[in-house]
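Trainee: I would like to learn how to read the features of a model like this one. Please take them one at a time.

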Amino acid sequence: MNYSIALVPGDGIGPEVCSKAVEALETAGDKYGHIFNFVELEAGGCAIDSTGEPLPAATLDAARQCDALLLGAVGGPKWETLHGDKRPERALLGLRAGLGVFANLRPASLLPQLKDACPLKDEVLIASNEQGKATFDLLIVRELTGGIYFGERGRDGDGKAPDGSAYDTERYNRAEIERVLRVGYDAARKRRKKLTLVDKANVLESSRFWREITQEMAVGYKDIETNYLYVDNCAMQLVRAPGQFDVVVTSNLFGDILSDEASVISGSIGMLASASIGEIPTGHKYPAGMYEPIHGSAPDIAGRDLANPLAAILSAAMMLRYSFGLLKEAAAIEAAVTKVLDSGLRTKDIASRVKTGANEKIVGTKEMAAAVIKALENE
Ligand code: IPM
Ligand code: MG
């Protein structure tokens, strides 16, 4: 089969990790007889430099034509002083909204190989794990195209009244809440059948609406255990007893914050992949899908062969699974990553905190990716 993939390498470490994800896709393609056609597009800081816009219309148009999108990262200090609407991050929001990818899946688990990179004590991990193992495995389903990220915002006097006020608005309608909950419930069905709605229903009206709708929907998902948790408590529970979570469904802002926290307890933010999914657009065969590592552009280590390419490579695997239904191909990439970690290779970010990993070898981006590609060829 032929698949067209929009490639948005972006800024900072984006291009270096993205190119490794492309290699992984090409290797999987060669092995299993698929052709991936990449359409390289500009968005973020690099697009500001060349066109003045973080998300040129041509980029969004071209991305919409493709079957899926792979993104590296956007942003950096060079563009930090720009006005809100002109910042590189606008490109991300514009792509998410423009492609309609409303459900952001951020899996976070502790791989046994990375146990020594996890800041939590064994006893903390064990206490909340059903099998008494020092690990956890959760999936954050973050609403991605609504809420305070897209609500009305502004300043008194259009910013010309420095002593006035500034505001952002959290607003959700029923359809937005229901569709992301459906994604959460369907995911829970394929996992450990537990869904936790994370909100701030003790204070926010929008959260009370989320909770009401979840209570209604829970009736139709009797096989799933539905729980409710305030976001402050959830932030605490993640470092106190992460094993209690299976699927966590939450709003755009809460999901942003909690997924960074979840990444740290997985060993490193350099490991976490993400998939953002929408409906099947008219005239298309596959659901709208955007895949990106959650780590961001890390300008301090860009171009130095230090970035961990695994989150980008694992994002490519998520693309194969969620956009194209290529399950064995996705599993092969994931197995290759596991093998390489088993062999002891580590980028700096996932090295043991305590020097216990006897067989550990610290490598750069290129060596890590090359090892994954080799393992994939032999899968
Ligand atoms: C993320 C990032 C983005 C977000 C930023 C870069 C706009 O933090 O994908 O989690 O807040 O959504
Ligand atoms: Mg974030």
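Mentor: Start with Asp30, which lies in helix H1 (residues 14-32); helices here are DSSP runs of H or I with at least four residues, strands are runs of E with at least two, and both are numbered from the N terminus. This is a predicted model, in which local features need pLDDT of at least 70 and side-chain atom pairs count only at pLDDT 80 or more, while totals for chains, interfaces and linings use all residues. Residues are numbered from 1 along each chain as its sequence is written, chains are lettered from A and ligands numbered from 1 in the order in which they are written, and side-chain values use heavy atoms, with hydrogens and water left out.

Trainee: Is Asp30 buried or exposed?

Mentor: Buried means under 20% relative accessible area, exposed over 50%, and partly exposed in between, with a 1.4 Å probe and protein chains only. Asp30 has 69% relative accessibility, so Asp30 counts as exposed. In space Asp30 is 9.0 Å from Glu377, C-alpha to C-alpha, although the two are 347 residues apart in sequence.

Trainee: And which residues does Arg96 touch?

Mentor: Contact means heavy atoms within 4.5 Å. Leaving aside residues up to four places away in sequence, Arg96 touches Val101, Arg106, Arg142, Leu144, Thr145, Met290 and Glu292. Arg96 sits in helix H4 (residues 89-99) and is buried, at 4% relative accessible area. One of those contacts, Arg142, lies over the face of Tyr149, 5.1 Å from the ring centre; the rule asks for NZ of Lys or CZ of Arg within 6 Å of the ring centre and within 35 degrees of the ring normal.

Trainee: How many aromatic pairs does the whole structure have?

Mentor: A pair of aromatic rings is described by the distance of the centres and the angle of the planes. Rings of Phe, Tyr and Trp (its six-membered ring) pair if their centres lie within 6.5 Å; planes under 30 degrees apart are stacked, over 60 edge-to-face, and the rest tilted. The search finds six pairs. Among them, Tyr3 and Tyr286 are tilted, with 5.7 Å between centres and 40° between planes. Tyr3 belongs to strand E1 (residues 2-10) and Tyr286 to the loop between E11 and strand E12 (289-293), 283 residues apart. Both Tyr3 and Tyr286 are buried.

Trainee: What kind of pair do Tyr185 and Tyr221 form?

Mentor: Tyr185 and Tyr221 are stacked, at 4.2 Å centre to centre and 10° between the planes. Tyr185 is in helix H6 and Tyr221 in the loop between H7 and strand E9 (225-230), so the pair ties together parts 36 residues apart in sequence. Tyr185 and Tyr221 are both buried. Ring pairs also join Tyr3, Phe36, Tyr286 and Phe324 into a cluster.

Trainee: Which residues line the largest cavity?

Mentor: On a 1 Å grid over the protein atoms alone, a cavity is a set of points where a 1.4 Å probe fits but cannot get out, and lining residues have an atom within 4 Å of a point. Points are joined across faces, edges and corners, and a volume is the space filled by probe spheres set on them. The count is one cavity of 30 Å³ or more, and the largest cavity holds about 40 Å³. Its lining is Glu170, Leu197, Val198, Asp199, Ser207, Trp210, Thr250, Ser251 and Phe254. Strand E8 (194-199) supplies the largest share of that lining, three residues.

Definitions and conventions. On a 1 Å grid over the protein atoms alone, a cavity is a set of points where a 1.4 Å probe fits but cannot get out, and a pocket is an open set with protein on both sides within 12 Å along at least five of seven lines; lining residues have an atom within 4 Å of a point.
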